[in-house]
Amino acid sequence: MESKLVIFNHPLMHHKLTLIRNEETGTKDFRETVEEISMLMAYEVTRNLPTVEKKVKTPIATMKGKVLAKEVVIVPIIRAGIGMVDGILKLIPTAKVGYVGVYRDDKTLLPHEYYVKLPDKLDEATILVVDPMLATGGSASHTIDLLKKRNAKDISYVGIVGAPEGVKALQEKHPDVNIFLAALDEKLNDNGYIVPGLGDCGDRLYGTK
Ligand code: PRP
Ligand code: URA
């Protein structure tokens, strides 16, 4: 079984991606555009969410409507993943948010966990792990391992820019997890950065460099 890989191909997405790739785009525009891209992605990512019937009385008649069957939990990987949360919450305002803090060691490129705060009943929820950058795939794989240890079953990864190396690693480790990316780039460079990518997403979101 290989996970589904969805790369968004839409004029609005291309336009917004070009804006955040541009090294001259400042923090404010970068942050706002990451939020907009995340909101657009959420619409497609949630296309197959299960629904249940619910009776609703309109001013005219009673009918069977549909509502989401399961709770949605957004899990941003701190820091950069936080930049995607508000955009997704605009479409799914009732979603819960669980935080996982992982940073990548500059030299080994291996993930190091430093914070975890998650809601209960992950086994019953649809979980969206969000992090704009899928480089080696180490941070995403580590986070998904951690969620599975807490019984999570229905997990998708939502990112903005991915490298083929990261997609392959994630598909090998977690073949049951669907991957959604706004763009799939060429490769990783020797420092583990995505080429052409957009640079260090956390630094660009929060102005730390
Ligand atoms: C970045 C990014 C991902 C990770 C991707 O985070 O936000 O979490 O790198 O790389 P990987 O696929 O090789 O694991 P970083 O470690 O720079 O931390 P930050 O978000 O706190 O800046
Ligand atoms: N993390 C980033 O923020 N950017 C990359 O290109 C790779 C990892």
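Which residue in β3 stands opposite lysine 57? Threonine 62 does. That is where I will start, after two remarks on conventions. This is a predicted model, in which local features need pLDDT of at least 70, side-chain atom pairs count only at pLDDT 80 or more, and totals for chains, interfaces and linings use all residues. Residues are numbered from 1 along each chain as its sequence is written, chains are lettered from A and ligands numbered from 1 in the order in which they are written, and side-chain values use heavy atoms, with hydrogens and water left out.

Back to the strands. Helices (H or I, at least four residues) and strands (E, at least two) are DSSP runs, numbered from the N terminus. Strand β2, residues 51-57, pairs with strand β3, residues 62-68, in the antiparallel sense over 7 bridges; pairing requires at least two DSSP bridges between the strands. The two form a hairpin, with 4 residues between them.

Next, the interior. A nonpolar core here is a set of buried Ala, Val, Leu, Ile, Met, Phe, Trp, Tyr and Cys residues joined through side-chain atoms within 4.5 Å. Buried means under 20% relative accessible area, exposed over 50%, and partly exposed in between, with a 1.4 Å probe and protein chains only. The largest core has 35 residues, and Leu17, Ile20, Met41, Leu128, Val158 and Ile160 touch the most other members. Elements giving two or more residues to this core include α1, α2, β4 and α3. Its largest share, 6 residues, comes from α2. A second, separate core of 23 residues includes Ala125, Leu134, Leu170 and Leu181.

Now the rings. Rings of Phe, Tyr and Trp (its six-membered ring) pair if their centres lie within 6.5 Å; planes under 30 degrees apart count as stacked, over 60 as edge-to-face and the rest as tilted. By this rule the count is 1 aromatic pair. Tyrosine 103 and tyrosine 114 have ring centres 6.1 Å apart and planes at 35 degrees, so the pair is tilted. Tyrosine 103 lies in β6 and tyrosine 114 in β7, so the pair ties together parts 11 residues apart in sequence. Tyrosine 103 is partly exposed at 43%, and tyrosine 114 is partly exposed at 44%.

Last, the backbone. Most residues other than glycine have a negative phi, and most peptide bonds are trans. A cis bond joins isoleucine 78 and arginine 79, with omega about 5 degrees; arginine 79 is in the loop between β4 and α3. The bond from valine 195 to proline 196 is also cis, omega near 0 degrees, and proline 196 is in the loop between β13 and α6.

Two non-glycine residues have positive phi. Leucine 109, at about 65 degrees, sits in the loop between β6 and β7 and is buried at 18% relative accessibility. Asparagine 151, at about 80 degrees, is in the loop between α4 and β10 and is partly exposed at 45%.
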